[in-house]
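My entries follow in the order in which I checked them.

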Amino acid sequence: KKISIDRVELCAAVLNKRLIAFIEGISRYQFSGGYYHIVDSQIVRAMIQKETYGFNTFAATRIGEIQEGTIPADWYWIKGDFNIADWITRGKKPSEIGPDSAWQNGPEFLTKPVSEWPVEQTFNGEELPERIRVAKATNTTVTNIPAAAIDITRYSSYNKLMRVTARVIATASKNPKPSLKNTGKTLTPTDIQKAETFWIKKHKSL
(Lines give C-alpha, C1' and ligand atoms only; values in the text may rest on other atoms or scores of the structure.)
Protein backbone atom coordinates (compact mmCIF):
# COMPACT_ATOMS: atom_id res chain seq x y z
CA LYS A 1 0.00 0.00 0.00
CA LYS A 2 1.36 3.38 -1.00
CA ILE A 3 1.78 6.09 1.60
CA SER A 4 2.04 9.79 0.83
CA ILE A 5 5.19 11.81 1.45
CA ASP A 6 3.27 13.95 3.94
CA ARG A 7 2.39 10.87 5.99
CA VAL A 8 5.98 9.65 5.91
CA GLU A 9 7.18 13.06 7.10
CA LEU A 10 4.56 13.09 9.87
CA CYS A 11 5.64 9.63 11.04
CA ALA A 12 9.23 10.89 11.13
CA ALA A 13 8.12 13.73 13.41
CA VAL A 14 6.51 11.17 15.73
CA LEU A 15 9.80 9.24 15.76
CA ASN A 16 11.56 12.48 16.71
CA LYS A 17 9.23 12.94 19.68
CA ARG A 18 9.73 9.33 20.83
CA LEU A 19 13.50 9.54 20.44
CA ILE A 20 13.64 12.63 22.65
CA ALA A 21 11.54 10.88 25.31
CA PHE A 22 13.88 7.87 25.18
CA ILE A 23 17.04 9.99 25.48
CA GLU A 24 15.57 11.96 28.38
CA GLY A 25 14.68 8.71 30.12
CA ILE A 26 18.17 7.21 30.03
CA SER A 27 20.31 10.35 30.24
CA ARG A 28 21.68 11.79 33.46
CA TYR A 29 21.93 15.18 31.75
CA GLN A 30 19.04 17.54 32.41
CA PHE A 31 17.76 19.28 29.29
CA SER A 32 16.55 22.62 30.60
CA GLY A 33 17.06 24.93 27.63
CA GLY A 34 14.21 23.68 25.48
CA TYR A 35 14.37 22.03 22.07
CA TYR A 36 14.52 22.91 18.41
CA HIS A 37 12.56 20.32 16.45
CA ILE A 38 13.62 20.87 12.85
CA VAL A 39 11.91 19.24 9.86
CA ASP A 40 12.22 20.00 6.18
CA SER A 41 8.48 20.06 5.58
CA GLN A 42 6.44 23.24 5.90
CA ILE A 43 3.32 21.11 5.79
CA VAL A 44 4.18 18.85 8.72
CA ARG A 45 5.31 21.79 10.83
CA ALA A 46 1.99 23.54 10.06
CA MET A 47 -0.03 20.40 10.86
CA ILE A 48 1.57 20.20 14.31
CA GLN A 49 0.30 23.71 15.06
CA LYS A 50 -3.35 22.76 14.45
CA GLU A 51 -5.96 21.13 16.67
CA THR A 52 -6.14 17.40 16.06
CA TYR A 53 -9.89 17.13 15.55
CA GLY A 54 -9.68 18.81 12.15
CA PHE A 55 -7.70 15.89 10.71
CA ASN A 56 -8.50 12.32 9.77
CA THR A 57 -7.68 9.49 12.17
CA PHE A 58 -4.21 8.74 10.75
CA ALA A 59 -3.01 12.32 11.09
CA ALA A 60 -4.93 13.22 14.25
CA THR A 61 -3.48 10.39 16.36
CA ARG A 62 0.07 11.26 15.34
CA ILE A 63 -0.36 15.01 15.72
CA GLY A 64 -1.91 14.41 19.14
CA GLU A 65 1.06 12.31 20.25
CA ILE A 66 3.49 14.97 19.06
CA GLN A 67 1.59 17.78 20.79
CA GLU A 68 1.36 15.90 24.08
CA GLY A 69 5.09 15.14 24.11
CA THR A 70 6.51 18.39 22.74
CA ILE A 71 5.72 22.09 22.55
CA PRO A 72 4.31 22.93 19.08
CA ALA A 73 6.01 26.34 19.12
CA ASP A 74 9.39 24.56 19.30
CA TRP A 75 8.97 23.11 15.80
CA TYR A 76 10.71 24.69 12.81
CA TRP A 77 11.35 23.81 9.19
CA ILE A 78 14.34 24.24 6.92
CA LYS A 79 14.82 23.93 3.19
CA GLY A 80 15.80 20.48 1.98
CA ASP A 81 19.28 21.68 0.99
CA PHE A 82 20.13 22.07 4.68
CA ASN A 83 18.75 18.68 5.71
CA ILE A 84 21.76 16.40 6.13
CA ALA A 85 19.48 13.43 6.86
CA ASP A 86 18.44 13.41 3.19
CA TRP A 87 21.98 12.94 1.89
CA ILE A 88 21.77 9.15 1.68
CA THR A 89 18.64 9.35 -0.48
CA ARG A 90 20.45 11.65 -2.91
CA GLY A 91 23.19 9.25 -3.91
CA LYS A 92 26.17 10.53 -1.95
CA LYS A 93 29.53 8.84 -2.43
CA PRO A 94 31.23 7.11 0.55
CA SER A 95 33.94 9.76 0.46
CA GLU A 96 31.29 12.46 0.94
CA ILE A 97 30.01 10.97 4.18
CA GLY A 98 33.40 10.20 5.74
CA PRO A 99 34.66 11.12 9.25
CA ASP A 100 35.08 14.85 8.55
CA SER A 101 31.91 15.30 6.51
CA ALA A 102 28.79 17.20 7.47
CA TRP A 103 27.05 13.82 7.58
CA GLN A 104 29.24 12.87 10.54
CA ASN A 105 29.66 16.28 12.17
CA GLY A 106 26.21 17.72 11.55
CA PRO A 107 25.19 20.69 9.41
CA GLU A 108 27.48 23.70 9.62
CA PHE A 109 24.71 26.10 10.63
CA LEU A 110 24.46 24.37 14.03
CA THR A 111 27.85 25.85 14.93
CA LYS A 112 26.49 29.36 14.47
CA PRO A 113 24.29 31.48 16.77
CA VAL A 114 20.64 30.45 16.70
CA SER A 115 19.75 33.80 15.13
CA GLU A 116 21.72 32.74 12.03
CA TRP A 117 20.09 29.33 11.61
CA PRO A 118 18.12 28.96 8.35
CA VAL A 119 14.99 27.85 10.20
CA GLU A 120 11.49 29.19 9.63
CA GLN A 121 8.02 28.90 11.13
CA THR A 122 6.00 29.99 8.12
CA PHE A 123 3.52 28.14 5.93
CA ASN A 124 2.97 29.35 2.39
CA GLY A 125 0.30 26.86 1.40
CA GLU A 126 -3.45 27.40 1.43
CA GLU A 127 -4.68 24.03 2.68
CA LEU A 128 -3.19 21.18 4.67
CA PRO A 129 -3.52 17.51 3.66
CA GLU A 130 -5.35 14.91 5.76
CA ARG A 131 -8.02 17.44 6.76
CA ILE A 132 -11.65 16.38 7.04
CA ARG A 133 -14.64 18.41 6.05
CA VAL A 134 -16.69 19.44 9.04
CA ALA A 135 -20.31 20.36 8.55
CA LYS A 136 -21.11 23.62 10.27
CA ALA A 137 -23.27 22.88 13.26
CA THR A 138 -26.40 24.92 13.76
CA ASN A 139 -28.54 25.10 16.87
CA THR A 140 -26.15 22.77 18.67
CA THR A 141 -27.64 21.62 21.96
CA VAL A 142 -25.23 21.12 24.81
CA THR A 143 -26.34 19.14 27.83
CA ASN A 144 -26.79 21.25 30.94
CA ILE A 145 -23.81 19.91 32.88
CA PRO A 146 -22.41 21.96 35.77
CA ALA A 147 -18.89 23.19 35.01
CA ALA A 148 -17.85 21.99 38.47
CA ALA A 149 -18.28 18.42 37.21
CA ILE A 150 -15.06 18.88 35.24
CA ASP A 151 -12.02 20.18 37.10
CA ILE A 152 -10.34 22.28 34.43
CA THR A 153 -7.15 22.61 36.50
CA ARG A 154 -6.41 18.89 36.09
CA TYR A 155 -5.75 19.13 32.37
CA SER A 156 -2.43 20.30 30.99
CA SER A 157 -3.59 20.77 27.41
CA TYR A 158 -6.57 22.15 25.54
CA ASN A 159 -6.99 18.94 23.55
CA LYS A 160 -7.26 16.76 26.66
CA LEU A 161 -9.84 19.08 28.22
CA MET A 162 -11.96 19.08 25.06
CA ARG A 163 -11.86 15.28 24.76
CA VAL A 164 -12.85 14.75 28.40
CA THR A 165 -15.61 17.34 28.15
CA ALA A 166 -16.92 15.70 24.97
CA ARG A 167 -17.11 12.33 26.72
CA VAL A 168 -18.87 13.78 29.77
CA ILE A 169 -21.43 15.38 27.46
CA ALA A 170 -21.80 12.08 25.59
CA THR A 171 -22.47 10.25 28.88
CA ALA A 172 -25.38 12.56 29.69
CA SER A 173 -26.64 12.73 26.12
CA LYS A 174 -30.27 11.78 25.54
CA ASN A 175 -29.43 10.43 22.10
CA PRO A 176 -30.16 7.59 22.26
CA LYS A 177 -30.32 7.85 26.07
CA PRO A 178 -28.05 8.77 29.01
CA SER A 179 -25.58 5.92 29.50
CA LEU A 180 -21.98 5.28 30.53
CA LYS A 181 -21.70 3.31 27.29
CA ASN A 182 -21.71 6.63 25.46
CA THR A 183 -18.23 7.39 26.84
CA GLY A 184 -16.80 4.68 24.62
CA LYS A 185 -18.05 6.20 21.39
CA THR A 186 -15.57 7.49 18.84
CA LEU A 187 -15.37 11.25 19.14
CA THR A 188 -16.25 13.26 16.06
CA PRO A 189 -15.51 16.89 15.15
CA THR A 190 -19.11 17.65 16.13
CA ASP A 191 -18.50 16.22 19.62
CA ILE A 192 -15.44 18.45 20.05
CA GLN A 193 -17.43 21.42 18.80
CA LYS A 194 -20.09 20.73 21.43
CA ALA A 195 -17.38 20.63 24.09
CA GLU A 196 -16.04 23.99 22.95
CA THR A 197 -19.55 25.44 22.93
CA PHE A 198 -20.07 24.14 26.46
CA TRP A 199 -17.06 26.05 27.83
CA ILE A 200 -17.82 29.18 25.82
CA LYS A 201 -21.32 29.31 27.31
CA LYS A 202 -20.02 28.62 30.81
CA HIS A 203 -17.49 31.43 30.45
CA LYS A 204 -20.12 33.89 29.22
CA SER A 205 -22.39 33.02 32.15
CA LEU A 206 -19.74 33.96 34.74
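**Entry 1: helix H6.** I looked up burial in H6 and found Pro189, Asp191, Ile192, Ala195, Glu196, Thr197, Phe198 and Trp199 buried; buried means under 20% relative accessible area, exposed over 50%, and partly exposed in between, with a 1.4 Å probe and protein chains only. The model is a predicted one, in which local features need pLDDT of at least 70, side-chain atom pairs count only at pLDDT 80 or more, and totals for chains, interfaces and linings use all residues. Residues are numbered from 1 along each chain as its sequence is written, and side-chain values use heavy atoms, with hydrogens and water left out. Helices (H or I, at least four residues) and strands (E, at least two) are DSSP runs, numbered from the N terminus. What covers the buried residues of H6 includes H5. I also checked the length: H6 has 16 residues and reaches 23 Å from its first C-alpha to its last, close to the 22 Å expected at 1.5 Å a residue. The expected span is 1.5 Å times one less than the number of residues.

**Entry 2: H5 against H6.** At what angle do the axes of H5 and H6 cross? I read roughly 95°, with the axes coming within 8 Å. Axes are lines fitted to C-alpha atoms, for helices over the stretch in contact, and angles run from 0 to 180 degrees between N-to-C directions. H5 is therefore roughly perpendicular to H6; angles of 65 to 115 degrees count as such, under 35 as roughly parallel, over 145 as roughly antiparallel and the rest as oblique. I then listed the contact (heavy atoms within 4.5 Å): from H5 come Tyr158, Leu161, Met162, Arg163, Thr165, Ala166 and Ile169, and from H6 Asp191, Ile192, Lys194, Ala195, Glu196, Phe198 and Trp199. By class I noted nine nonpolar residues, one polar and four charged. Ala, Val, Leu, Ile, Met, Phe, Trp, Tyr, Cys and Pro count as nonpolar, Asp, Glu, Lys and Arg as charged, and the others, Gly among them, as polar.

**Entry 3: two loop residues.** Thr188 lies in the loop between H5 and H6. Is Thr188 buried or partly exposed? I found Thr188 partly exposed, at a relative accessible area of 33%. Between Thr188 and Ala166 I noted 22 residues in sequence and 9.3 Å in space, C-alpha to C-alpha. Glu130 sits in the loop between helix H4 (102-105) and H5, and its phi is near 70°, a positive value in a residue other than glycine. At 16% relative accessibility, Glu130 counts as buried.

**Entry 4: H1 against H3.** I found H1 (residues 5-26) and H3 (residues 57-69) packed at about 30°, with axes 9 Å apart. The two helices are therefore roughly parallel. Arg7, Leu10, Cys11, Ala13, Val14, Lys17 and Arg18 of H1 make the contact with Phe58, Ala59, Arg62, Ile63, Glu65, Ile66 and Gly69 of H3. I counted eight nonpolar, one polar and five charged residues in the contact of H1 with H3. In H3, the buried residues are Phe58, Ala59, Ala60, Ile63, Gly64, Ile66 and Gln67. They pack against H1, helix H2 (42-48), strand S2 (75-77) and H5 (158-172).

**Entry 5: the whole chain.** I recorded six helices and two strands, in the pattern α-β-α-α-β-α-α-α along the sequence. Of the 206 residues, 30% count as buried.
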